[in-house]
Amino acid sequence: MQTILKPRNGRYDVPSPVQGAEGWLVCVLRTGDVPSEDGILYLVSAESGENLSLGIRAPSGTMVRDEGLYRLIFPDSGEDSVLRLCVSETIPFDASRTETMLRAADSEWTSAWRDPQISRADGGWLLLCGAVRKGEGKGRRGCIARFYSSDLQNWQELPPLADNCGLSCAPGAPGLFTICGLEYLLYTALSDRVGTRYFFRRTGETGWHRPANDLLDSRAFLYGRSFAEKPDGILCCGILPSRDCDHWHYSPAGYMGHDYNTWDLGGSVLLHFLSAGEDGALLCRPVPQEDTVDVPLSGQPLNGNWVCSGDGLRAVSPGGAAHLLFDRLLPERCELALEVLPEDGCRRLGLMLFADEGFAEAYCLYIEPDRNRVQLRSPFRMTEDGSWAFPQEIELEQHYPASAGRAIRLVLRRNGPAARLWINGSCMSFRVEDRTFGRPGLSVSHGTAAWQRIRLSVPREDLPV
């Protein structure tokens, strides 16, 4: 199974797993650079990456294959809060044969429906949509609308979920799933606290709990949904947006790259593996890769006191920063796995991507052990001009769970401009657009830390013949 899916042209958006067809997703394929423009719905295989147009233009959609029929449910982009249905024995669908399935005008509770998701529940079918609660009064009324059907034809609306999610608009891509007796409600916040977030509850509970860190992956992982059940967890799919279109034209004047463009609508589909922690929080780890080969990797200290010990490196830098540069360019597709053990008082650790011997400009992944936080700083931010343009801003960040011992475990994967860092059961996805030549490096600031179990691997098919 592929862990990142990219169309040849355009950008995937709002993935939805197909019920009754394992390994397939419905995605919107966006090709324009106008934010309000709908895309074409496509059927996408997570095994091969192949895609097939469904022949329907819509902002999102969900599909079920049952008793030899394909049923596609999607919002009507021309009418406010209308869900439409198209039924067919074959793909693509005939867009002229769609019918109205549900109208918000008939709803007692909700409106502004978006991003439907259908799944099996209680011997029938459950349909979720991002929504806004109806009624008088003001405040943040984002919620999740629910509909139940026993036959896929007659639908009954149930009271909405997540009234207390605190959003001023309808959340995106809601979904429910269960791991080890814990039920999770996943949704994408599109205002205020942007990102894929979640609640959970135990069997028999009616109220929801919000974990201390309810952000799944970083701000750059949107529309996360459960994709496939596994014995000890689930596969989760979501979107890492691209930054090519710059829909809202935010990039600083004079900066010619992509790193500071606004996030686009759509990008690449990513897959994570999720499991439940002891406290109910979701833990995220990489989906195993097949047929990879380890390649040799050694380091060259640039400054500070570094000592090689077996398969590890130890840096002592109580009064400043120690830097080390590896001897190999970062491959186009690769995985870098390593472990770091900071001693008490160590302020910051760094994993650098695309650095050179000047060690000034790079994608810097800074780990702060006292805050259990990792943050990204891109190359322009590391220059004098960048420090004036963004004096205090954090580009991307993620908090990670504390480990039982001192060890912090990291896995970095790069696939072209898409990169992901898993750290102690959390993940931070990000884009590396503008600087693509250089080597990985390490740093230790104001303290002592040991890096060990360092391993770089690449797909076998990428090795030179």
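I start with the pairing of β29 and strand β30, residues 396–399: the two run antiparallel and are joined by 4 bridges. Within that pairing, Val 374 sits across from Gln 398 of β30. Keep in mind throughout that this is a predicted model.

Now the other neighbour of interest. Strand β28, residues 363–368, is also antiparallel to β29, and 5 bridges join them. Here Ile 367 is the residue opposite Val 374 in β29. So much for the pairs; now the connection. β28 and β29 make a hairpin, with 4 residues between the two strands. In that turn, Asn 372 has a positive phi, about 50 degrees.

Is strand β29 mostly covered or mostly open? Covered: of the 5 residues in 373–377, 4 are buried.

Next, a sheet elsewhere in the chain numbering. This one is open, has 4 strands in the order β6-β7-β8-β9, and its pairing is antiparallel. The edges are β6, residues 62–66, and β9, residues 99–103; each has a single partner strand, so one side of each has no neighbour in the sheet. From one strand to the next, the twist averages 25 degrees.

Looking at one end of that sheet, β6 pairs with strand β7, residues 69–75, through 5 antiparallel bridges. Asp 66 has Leu 69 in β7 as its bridge partner. In the loop between β6 and β7 we find Glu 67. Glu 67 is not a glycine, yet its phi is positive, about 55 degrees.

As background, most residues other than glycine have a negative phi, and most peptide bonds are trans. That is the reason for listing the next two positions.

Which peptide bond is cis? The one from Ile 91 to Pro 92, with omega near 10 degrees. Pro 92 belongs to the loop between β8, residues 82–88, and β9.

The other position is His 249, in the loop between β19, residues 233–241, and β20, residues 267–276. His 249 is again a non-glycine residue with a positive phi, about 55 degrees. Buried or exposed? His 249 counts as exposed, with a relative accessibility of 63%; the cut-off for exposed is over 50%.

That is what I had. Questions, please.

Note on methods:
Residues numbered from 1 in each chain as written. Predicted model: local features only at pLDDT ≥ 70, side-chain atom pairs only at ≥ 80, totals over all residues. Heavy atoms only, no water. Buried < 20%, exposed > 50% of the residue type's maximum accessible area, 1.4 Å probe, protein only. Pairing = 2+ DSSP bridges. Axes fitted to C-alpha atoms, helices over the stretch in contact; angles between N-to-C directions.
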